[in-house]
Amino acid sequence: MTPADIEGVVQAFAEAARRAVRAGFQCVEIHMAHGYLLHQFLSPVSNRRNDAYGGSLDNRMRLPLAVAVAVRAAMPPGLPLLVRISATDWGNPLLDGPSWDLPQSVALCRRLREEAGVDLVDVSSGGSLPRGVPVGPGYQVPFADRIRREAGVAVGAVGLITGAAQAEAVLQEGKADAIFIGRELLRDPHWPLRAAAELGYEGDAARYPRQYDRGRFPVASRR
């Protein structure tokens with residue numbers, strides 16, 4: 001990519017944000033994770049440039065930060081700006097050489113907050129290397145926890161968070177400010193309603209549509 005190409009990418013992200021706002025979306029999230037373009041600039045695994053956009057951490061962060069600043073400028077005040085990152089490439093220095101890791105993610109998130117006013121970072125991982133990652137329940141929560149504490153920015157935790165009690169524990173322990181549910185919502189589209197019931201929440205947001213009532217209660221209590 002030439003410098004002109006890079007500037008075109010910055011402007012394209014800003015225009016996309018403007019279209020999202022006009023379409024009525026209530027927040028905008030920039031994807032900087034999972035081997036997509038902005039992650040390719042961040043990670044030494046993929047960024048082999050020797051100009052102002054490659055080499056040092058400051059240089060590798062240059063385009064992602066410019067995109068975040070441009071997107072924020074394209075949004076009305078008060079509309080939340082989120083960024084999704086891969087906190088680590090899960091690289092092995094002996095096999096892979098330099099790669100993206102958690103300390104670099106902390107530095108990036110601090111600057112996203114300070115320079116672009118990012119409201120929340122959606123903390124995932126992986127995408128630059130072909131090998132699998134050591135997944136398990138809540139396996140990415142520690143990344144969110146550290147970024148929250150050290151970068152001073154609100155974070156969302158993701159990754160095999162499947163139960164209501166599990167999700168609530170992450171919040172109550174101060175490891176994240178929000179829980180993002182992905183695959184579990186594909187399996188159970190009513191997960192938020194079920195989770196609210198399991199946790200004893202009875203506000204309006206936890207009410208099933210009336211059409212569902214006959215399927216929710218035992219026969220003896222059906223109206």
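Figure 1. Gln140 is buried, with a relative accessible area of 2%; buried means under 20% relative accessible area, exposed over 50%, and partly exposed in between (1.4 Å probe, protein chains only). The model is predicted: local features need pLDDT of at least 70 and side-chain atom pairs count only at pLDDT 80 or more, while totals for chains, interfaces and linings use all residues. Residues are numbered from 1 along each chain as its sequence is written, and side-chain values use heavy atoms, with hydrogens and water left out. Gln140 is found in the loop between strand 3 and helix 6 (141-151); helices (H or I, at least four residues) and strands (E, at least two) are DSSP runs numbered from the N terminus. Not counting residues up to four places away in sequence, Gln140 touches Val123, Ser124, Ser125, Val158 and Gly159, contact being heavy atoms within 4.5 Å. Between Gln140 and Trp191 the C-alpha to C-alpha distance is 20 Å, with 51 residues separating them in sequence.

**Figure 2. The largest pocket.** The space in the largest pocket is about 560 Å³. Its lining has 27 residues, and the closest to the pocket centre are Arg84, Tyr139, Gln140, Gly159 and Arg183. Strand 3 (120-124) and helix 8 (183-187) are the elements that give two or more residues to the lining; helix 8 contributes the largest share, 3 residues. By class, the lining has 10 nonpolar, 10 polar and 7 charged residues, where Ala, Val, Leu, Ile, Met, Phe, Trp, Tyr, Cys and Pro count as nonpolar, Asp, Glu, Lys and Arg as charged, and the others, Gly among them, as polar. On a 1 Å grid over the protein atoms alone, using a 1.4 Å probe, a pocket is an open set of points with protein on both sides within 12 Å along at least five of seven lines, and lining residues have an atom within 4 Å of a point. Grid points are joined across faces, edges and corners, and the volume is the space filled by probe spheres set on the points.

**Figure 3. The aromatic pair Phe41 and Tyr53.** The count comes to 2 aromatic pairs, for which ring centres of Phe, Tyr and Trp (its six-membered ring) must lie within 6.5 Å; planes under 30 degrees apart count as stacked, over 60 as edge-to-face and the rest as tilted. The rings of Phe41 and Tyr53 have centres 6.4 Å apart and planes at 85°, so this pair is edge-to-face. Phe41 lies in helix 2 (residues 37-42) and Tyr53 in the loop between helix 2 and helix 3 (57-74), so the pair ties together parts 12 residues apart in sequence. Both Phe41 and Tyr53 are buried.

**Figure 4. The largest nonpolar core.** This core has 53 residues, and those with the most contacts inside it are Ile30, Met32 and Ile147. Helix 3 gives the most to the core, with 8 residues. A nonpolar core is a set of buried Ala, Val, Leu, Ile, Met, Phe, Trp, Tyr and Cys residues joined through side-chain atoms within 4.5 Å. Leaving aside neighbours within four places in sequence, the contacts of Met32 include Leu38, Pro64, Val83 and Leu112.

Figure 5. Phi of His34 is near 60°, a positive value in a residue other than glycine. His34 is found in the loop between strand 1 (28-32) and helix 2, and counts as partly exposed at 26% relative accessibility. Phi of Trp90 is near 60°, also positive in a residue other than glycine. Trp90 lies in the loop between strand 2 (81-86) and helix 4 (93-96); at 23% relative accessibility, Trp90 counts as partly exposed.
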